[in-house]
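These are my notes from going through one model, entry by entry.

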Amino acid sequence: MKAAIIGAGFSGRVHAAALAAAGVQPAVVVTAHEDSARRFAAQWDIPVWGTDLSLACAEDIDAVHICTPPSTHGRMVRYFLERGKHVLCEKPLCFDAAEAAELAALAERSGLVCALTFNVRYHMACQKAREILASGEMGRVLLVHGNYMQEFNAFPAPLDWRYDEKLAGSMRAVSEIGSHWLDLAAFLTGLEPEAVSASFGCFHEQRVLKDGLMYPADGAVQGEKIHIGTEDAAAVTLRYKGGALGNVLLSEISPGRGNRLTMEITCQYGNLWWNEEDNNLLHTARKGEGVHTQVFAFGNGFDDTFTTLLKEVYAAVRAGAPDKAPRYPTFREGARIAAACSAIYASAKNDSRWTSVQEV
């Protein structure tokens with residue numbers, strides 16, 4: 001099996017490593033700049049590299065990995081599906097809910113394998129949590145809540161494409177890390193949000209840029225003055241179909257939080273919770289019985305989740321068609337996430353007013 005990678009940034013490197021671990025050869029890399037393509041190809045021993053997308057359409061390429069900023073996803077998905085290539089696309093699928101639904105329909109009509117990189121669901125503890133909830137032993141889901149906290153954009157913060165609204169869209173915390181939380185909640189519970197209420201915090205719209213790093217515009221650091229409009233953090237309340245209530249706090253500016261995604265699901269007869277920074281522990285409880293912690297002693301880590309995702313996707317690629325009931329994240333699921341994110345944005349820009357999530 002051979003794959004093409006579009007993009008040579010952080011995501012491209014993650015995909016290249018996961019492909020090698022999954023036994024798939026990264027055979028082509030395409031980037032916007034010839035120098036970056038050449039360097040990436042040398043690093044990963046990729047024989048074909050360049051700036052022309054047609055390189056990824058060679059007959060011996062089985063699937064294409066789209067690892068570019070979100071603004072390019074829709075165009076590239078269409079391009080490769082029209083040329084009969086299976087597609088693994090970075091999240092989010094796209095910005096606009098209507099376009100995401102269109103891409104999902106296009107993927108389904110194509111008969112090709114189309115997946116998104118919502119890899120968090122592949123932690124062993126998350127797979128077990130889904131099994132427990134699906135068994136019905138805990139009863140109906142009542143509450144779904146948690147957070148996703150990171151420190152990467154705390155000051156001093158690097159100015160990269162994520163702050164460019166033409167590339168990354170009008171959101172940052174919601175689309176980049178919130179999409180993972182929303183997917184995991186849906187994967188574990190099977191529930192879909194029907195309405196949301198959200199508030200955004202962009203705590204330093206005016207900033208100072210020096211040597212590629214951003215600082216508060218408080219006079220402590222002198223440099224170029226810049227404006228940032230996307231959110232550092234978001235507080236979101238969700239109303240799920242069937243009556244369950246949800247809540248998530250998202251932050252990209254919390255020092256000490258490397259990658260803290262938490263999920264707690266309260267049901268009629270029990271409670272279940274998990275934290276990605278202690279990813280091989282799953283906690284469950286019933287009233288009066290204390291807490292039961294299951295330890296996955298031979299568990300997995302972040303890189304392993306990508307490898308497992310790729311193995312499932314490429315099993316379908318080898319079969320030549322999508323799974324009838326795929327466990328890998330589909331474009332249809334990605335479209336539902338896009339619809340939820342669009343509603344979150346609309347609510348936050350309208351004084352946190354409750355906003356319906358578009359049906360997908």
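This is a predicted model: local features need pLDDT of at least 70, side-chain atom pairs count only at pLDDT 80 or more; totals for chains, interfaces and linings use all residues.

**Entry 1: α1 and α8**

I looked up how helix α1, residues 10–21, meets α8. Their axes come within 9 Å and cross at roughly 65°. The crossing is right-handed. On the α1 side I listed Val14, His15, Ala18, Leu19 and Ala21; α8 contributes Phe306, Thr307, Leu310, Lys311 and Tyr314. I sorted the residues of this contact by class and got seven nonpolar, two polar and one charged.

**Entry 2: the six-strand sheet**

I traced an open sheet with parallel pairing, in the strand order β3-β2-β1-β4-β5-β6. Which strands stand at the edges? They are β3 (48–50) and β6 (114–116); each has a single partner strand, so one side of each has no neighbour in the sheet. I recorded an average twist of 20° from one strand to the next.

I then went through two of the pairings. Strand β1 (residues 2–6) runs parallel to β2, and five bridges join them. Lys2 stands opposite Gln25 of β2. Strand β2 covers residues 25–30, and I found five of its six residues buried. Strand β4 (residues 63–66) is joined to strand β5 (residues 86–89) by four bridges, again parallel. Here Ala63 has His86 in β5 as its bridge partner.

I also checked what packs on this sheet. Helix α9, residues 331–348, touches β5 and β6, and its direction makes about 45° with that of β6.

**Entry 3: the four-strand sheet**

I found an open sheet of four strands with antiparallel pairing, ordered β8-β11-β10-β12. Its edge strands, β8 (157–158) and β12 (224–227), each pair on one side only. I followed β8 to its partner, strand β11 (residues 213–216): the two pair in the antiparallel sense over two bridges. Ala157 has Met214 of β11 as its bridge partner.

**Entry 4: Gly301**

I placed Gly301 in the loop between β18 (291–295) and α8 (302–319). Is this glycine buried, exposed or partly exposed? Gly301 has a relative accessible area of 22%, so I logged it as partly exposed; the cut-off for buried is under 20%. Leaving out residues up to four places away in sequence, Gly301 touches His123 and Asn279. I also took the C-alpha distance from Gly301 to Val120: 9.7 Å in space, across 181 residues of sequence.

**Entry 5: cysteines**

How many disulfides does the model have? I took a pair of cysteine sulfur atoms within 2.5 Å as the criterion, and the count came to zero. I looked at Cys126 as one case. Its closest cysteine sulfur is that of Cys267, at 15 Å, so the pair is too far apart for a bond. Cys126 has 1% relative accessibility and therefore counts as buried. I checked Cys202 as well: the nearest cysteine sulfur belongs to Cys341 and is 18 Å away, and Cys202 is in no disulfide.

Notes: Residues are numbered from 1 along each chain as its sequence is written. Side-chain values use heavy atoms; hydrogens and water are left out. Buried means under 20% relative accessible area, exposed over 50%, partly exposed in between (1.4 Å probe, protein chains only). Contact means heavy atoms within 4.5 Å. Axes are lines fitted to C-alpha atoms, for helices over the stretch in contact, and angles run from 0 to 180 degrees between N-to-C directions. A crossing is left-handed if the near helix is turned anticlockwise from the far one by less than a right angle, and right-handed if clockwise. Ala, Val, Leu, Ile, Met, Phe, Trp, Tyr, Cys and Pro count as nonpolar, Asp, Glu, Lys and Arg as charged, and the others, Gly among them, as polar. Two strands pair if DSSP finds at least two bridges between them.
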